[in-house]
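Biologist: I am new to this structure and would like to learn how to read it. Could you walk me through it?

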Amino acid sequence: MTCTILVGGQWGDEGKGKCITYFCTHDKPDIIVRAGVGPNAGHSVEYNGEKYGLRLTPSGFFNEDARLLIGAGVLVNPDVLKHEMEYLEKYDIKERLSVDSNCAIITDKHMQTDKDSSYLSKKIGTTGSGCGPANADRINRTIDYAKDVDALKDYITDVPKEINEAINEGKDVFIEGSQGFGLSLYYGTYPFVTSKDTCASTAAADVGVGPTKVDDVVVVLKAYITRVGEGPFPTEMTPEEAEKLGLEEYGVVTGRKRRIGLFDKEFAKRSCMINGATQVALTCIDKLYPECYQANKYEDLSQEARDYIEDIEESIGVPITIISTGPDLEDTIDLRDEKLN
């Protein structure tokens with residue numbers, strides 16, 4: 001059996017969706033479970049030329065044999081979930097997806113509070129999805145849970161029971177986090193953070209798995225850094241510098257233009273330490289080195305790109321096992337057999 005957690009190592013937007021999809025279609029876990037905050041984080045995935053933006057459904061849904069779950073730590077907006085079930089109808093999502101009975105529910109009131117708060121919407125730069133106000137209500141014990149919502153009654157399950165039974169039976173479980181280390185309420189750039197911790201240990205708690213059951217922690221790092229919203233960004237470059245490098249990007253949920261910066265080795269090292277990384281997936285190397293676009297063998301990368309990757313690996317002290325060279329699943333270099341065995 002294996003139980004793997006994947007989390008973002010920077011400020012989100014690291015390419016987790018692509019990496020999750022790769023792991024889940026290549027390794028074919030029996031259960032794929034969503035941890036993290038809630039629908040304020042979007043995962044973008046591409047498969048067979050089609051692009052999908054997801055906010056609650058596990059990004060590994062392409063693995064059509066996998067059970068899809070949402071852990072109790074995740075805030076659920078029933079409207080978003082319903083939309084994604086319809087949006088992904090051809091993948092039989094309704095037949096495979098369940099939410100934990102103790103997921104807390106986001107309502108219109110939470111979203112309106114989020115948008116009406118000038119502190120949250122303007123100073124902090126939240127997405128307006130209601131996650132902060134919902135988590136505040138959860139702490140105050142006034143929020144409804146999924147088991148209280150009629151529209152979700154057919155999708156309720158006991159996620160910890162399902163996952164732990166699967167692990168005990170020798171099955172594979174994949175846990176996907178959301179957002180990134182720099183947005184952690186505990187370890188990020190407070191107050192410009194999200195409304196809970198975003199690290200691997202919390203992802204395990206979100207879905208009801210104890211630390212002794214976790215085998216691997218994959219931290220996803222982008223070859224440069226992006227950030228949506230306000231807050232410190234020590235390696236940030238000007239928009240003009242980013243455009244010259246062809247690094248213009250926009251957020252999946254908000255559509256806001258992402259801020260762009262150079263790779264921060266010290267930040268990445270601390271992220272890997274606190275997350276307990278056993279391996280790193282490095283994404284978007286092709287954006288920095290266009291000649292590496294769609295390479296799927298390490299030797300096909302340019303020498304400059306290889307030097308860049310090896311410098312990062314030496315700095316963070318964790319093996320880089322996955323290198324993404326484009327948006328599609330085929331645009332991936334997988335070094336796990338070489339580096340982990």
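Biologist: Let me start with a single side chain. Which residues does His-110 touch, not counting residues up to four places away in sequence?

Modeller: This is a predicted model, and in it His-110 touches Ile-105, Gly-130, Pro-133, Ala-134, Asp-137 and Ile-143, leaving aside residues up to four places away in sequence. His-110 itself sits in helix α4.

Biologist: Is His-110 buried or exposed?

Modeller: Buried means under 20% relative accessible area. His-110 has 3% relative accessibility, so it counts as buried.

Biologist: Which other residues of α4 are buried?

Modeller: Helix α4 covers residues 108-116, and Met-111 and Asp-114 are buried there along with His-110. Viewed down the axis of α4, the buried residues fall within an arc of 95°, so they line one face of the helix.

Biologist: Which elements do the buried residues of α4 pack against?

Modeller: They pack against α5 (118-124) and α6 (131-139).

Biologist: How do I describe the way α4 and α6 meet?

Modeller: Start with distance and angle: their axes come within 7 Å and cross at roughly 120°. That makes α4 oblique to α6, and the crossing is right-handed. Then list the residues: from α4, Lys-109, His-110, Thr-113 and Asp-114 meet Cys-131, Pro-133, Ala-134 and Asp-137 of α6. Sorted by class, this contact of α4 with α6 has three nonpolar, two polar and three charged residues.

Biologist: Let me try another pair. At what angle do the axes of α10 and α12 cross?

Modeller: Helix α10 (residues 265-275) and helix α12 (residues 303-316) have axes that come within 9 Å and cross at roughly 50°. That makes α10 oblique to α12, with a right-handed crossing. On the α10 side the contact is made by Lys-265, Ala-268, Lys-269 and Cys-272, and on the α12 side by Asp-311, Ser-315 and Ile-316. By class, the residues of the contact of α10 with α12 are three nonpolar, one polar and three charged.

Biologist: Now the backbone. Which residue takes a positive phi just after α6?

Modeller: That is Arg-141, with a phi of about 60°. Another case is Asp-13, a residue other than glycine whose phi is positive, near 60°; Asp-13 lies in the loop between β1 (3-8) and α1 (16-26). Asp-92 has a positive phi as well, near 55°, and lies in the loop between α2 (78-87) and α3 (93-96). With 44% relative accessibility, Asp-92 counts as partly exposed.

Biologist: Where is there a cis peptide bond?

Modeller: Look between Tyr-190 and Pro-191, where omega is about 5°. Pro-191 belongs to the loop between β8 and α8 (200-207).

Methods
Residues numbered from 1 in each chain as written. Predicted model: local features only at pLDDT ≥ 70, side-chain atom pairs only at ≥ 80, totals over all residues. Heavy atoms only, no water. Buried < 20%, exposed > 50% of the residue type's maximum accessible area, 1.4 Å probe, protein only. Helix = DSSP H or I, 4+ residues; strand = E, 2+ residues; numbered from the N terminus. Arc of directions from axis to C-beta. Contact = heavy atoms within 4.5 Å. Axes fitted to C-alpha atoms, helices over the stretch in contact; angles between N-to-C directions. Parallel < 35°, antiparallel > 145°, perpendicular 65-115°, else oblique. Left-handed = near helix turned anticlockwise from the far one by under 90°. Nonpolar A, V, L, I, M, F, W, Y, C, P; charged D, E, K, R; others polar.
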